[in-house]
Amino acid sequence: MNMEARVGVVLEGGQRALNSASTHGSIVDAGARKFLQQHNNKQSQQHSQLGTVQQLLAGGIAGAFSKTCTAPLARLTILFQVQGMHSDVTALSKASIWQEASRVINEEGFRAFWKGNLVTIAHRLPYSSVSFYAYERYKSASAYNPFLSFFFLSPKTPIEIQLIDVVNGTADLAVHFIGGGMAGITAASATYPLDLVRTRIAAQRNTMYYRGIWHAFHTICREEGFLGLYKGLGATLLGVGPSIAISFSVYESLRSFWHSKRSSDSTILVSLACGSLSGIASSTGPILSATFPLDLVRRRMQLEGAGGRARVYTSGLFGTFAHIIHTEGFRGMYRGILPEYYKVVPSVGIVFMTYETLKMLLSCIPAS
């Protein structure tokens with residue numbers, strides 16, 4: 001099932017213009033007609049979209065399944081990120097991913113790698129549902145390209161046809177990027193309290209201050225107030241927008257290119273491959289280097305006041321950055337980046353593969 005939005009209003013307007021030109025005896029290049037016909041065929045395929053319930057269900061299950069598969073690496077990332085808040089930094093300077101994994105197994109047991117996974121699923125179901133659904137809506141809303149409405153009036157030469165291709169491809173990429181970024185921000189804002197609770201439960205070691213999801217909600221509201229559920233939201237929105245935008249835009253571009261060259265390949269394998277590559281693209285050195293410190297800061301801010309402990313960071317987002325750099329050095333901003341690297345590629349690949357698979361399975365169910 002194709003996720004790509006098309007500029008339907010422009011194409012319909014262009015087709016009407018060509019029909020009108022033919023009616024009045026104008027000469028219309030056959031290549032232009034063929035181009036518009038191909039795009040209209042693609043547009044007609046889009047009308048077989050899944051219903052709202054199916055889209056939400058496919059997105060939610062895909063996100064929950066992906067998070068469950070990569071939960072051990074996600075928990076290791078959190079444990080590294082929060083080191084240094086209430087511990088001696090010098091004692092933690094030589095910690096490695098293997099040492100921390102061994103500590104978790106020896107002190108908490110193997111199942112502890114999935115500590116907080118229930119609340120992770122509770123968070124990912126609505127998060128992924130809102131993310132994929134909002135992406136489809138934002139993508140449709142921003143699919144109209146006013147420049148094409150001019151070019152479609154009289155495309156006659158091969159150069160004009162190629163120019164339309166270039167403009168259309170650039171517009172599609174922009175639509176996917178903007179739609180993905182807005183979808184990530186929307187989903188993160190709507191489900192943030194669950195993300196905060198998940199961080200607090202996953203960061204617990206031997207002492208269990210929060211005994212479950214509802215106990216954590218009740219305790220946080222009682223001790224820190226309702227706004228305590230939104231600590232670190234600013235850092236989250238700054239980081240999630242660019243990351244999700246890159247993932248969606250790279251995934252859509254790769255998948256469209258792949259299908260144009262090898263249309264008979266398995267949709268599941270194509271989605272897994274393109275999703276994994278989009279995960280690599282969204283976690284390359286410069287990109288992850290820019291977004292990971294924001295992720296670390298949001299984790300630290302989410303844990304402010306947890307378990308009745310005294311607050312460590314009291315001067316906002318930029319003050320938190322300055323405090324961490326001053327006490328732990330610049331490298332302190334990248335605690336946990338190694339397990340994050342290991343996690344992101346399979347995580348993104350699995351979520352897109354599962355989403356496309358479920359869309360195919362659910363497409364036979366009547367839309368609500």
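Contact here means heavy atoms within 4.5 Å, and helices (H or I, at least four residues) are DSSP runs, numbered from the N terminus.

**Ground rules.** I am working on a predicted model, where local features need pLDDT of at least 70, side-chain atom pairs count only at pLDDT 80 or more, and totals for chains, interfaces and linings use all residues. Residues are numbered from 1 along each chain as its sequence is written, and side-chain values use heavy atoms, with hydrogens and water left out.

**Entry 1: α3 against α16.** I began with the partners across this contact. From α3 come Gln 54, Gln 55, Leu 57, Ala 58, Gly 59, Ile 61, Ala 62, Gly 63, Phe 65, Ser 66, Lys 67 and Cys 69, and they meet Lys 343, Ser 347, Ile 350, Val 351, Thr 354, Tyr 355, Leu 358, Lys 359 and Leu 362 of α16. I sorted the residues of this contact into 11 nonpolar, seven polar and three charged. For the classes, Ala, Val, Leu, Ile, Met, Phe, Trp, Tyr, Cys and Pro count as nonpolar, Asp, Glu, Lys and Arg as charged, and the others, Gly among them, as polar.

Next came the geometry: α3 and α16 pack at about 150 degrees, their axes 8 Å apart. Axes are lines fitted to C-alpha atoms, for helices over the stretch in contact, and angles run from 0 to 180 degrees between N-to-C directions. The two helices are therefore roughly antiparallel (angles under 35 degrees count as roughly parallel, over 145 as roughly antiparallel, 65 to 115 as roughly perpendicular and the rest as oblique). I noted a right-handed crossing of α3 past α16; a crossing is right-handed if the near helix is turned clockwise from the far one by less than a right angle, and left-handed if anticlockwise.

**Entry 2: α3 against α7.** How far apart are the axes of α3 and α7? I read 7 Å, with an angle of about 135 degrees between helix α3 (residues 52-69) and helix α7 (residues 117-141). The pair is therefore oblique, and α3 passes α7 in a right-handed crossing. I counted eight nonpolar, 10 polar and four charged residues in this contact. Among them on the α3 side are Gly 59, Gly 60 and Gly 63, while the α7 side includes Ser 128, Ser 129 and Arg 124.

**Entry 3: α7 against α12.** Here the angle is about 65 degrees and the axes lie 13 Å apart. That makes α7 roughly perpendicular to α12. I found the contact made by Tyr 127, Ser 131, Phe 132, Tyr 135 and Lys 139 of α7 with Val 240, Ile 244, Phe 248 and Glu 252 of α12. By class that is six nonpolar, one polar and two charged.

Entry 4: I found two cavities of 30 Å³ or more. On a 1 Å grid over the protein atoms alone, a cavity is a set of points where a 1.4 Å probe fits but cannot get out, and lining residues have an atom within 4 Å of a point. Grid points are joined across faces, edges and corners, and a volume is the space filled by probe spheres set on the points.

Which residues lie nearest its centre? I listed Arg 124, Tyr 127, Val 240, Ser 243 and Ile 244, out of 42 lining residues. Helix α12 gives the most to this lining, with eight residues. The lining has 17 nonpolar, 16 polar and nine charged residues.

**Entry 5: the second largest cavity.** This one has a volume of about 50 Å³. I saw Phe 113, Trp 114 and Lys 115 among its lining residues. Helix α4 gives the most, with four residues, and the lining divides into six nonpolar, two polar and three charged.

Definitions and conventions. On a 1 Å grid over the protein atoms alone, a cavity is a set of points where a 1.4 Å probe fits but cannot get out, and a pocket is an open set with protein on both sides within 12 Å along at least five of seven lines; lining residues have an atom within 4 Å of a point.
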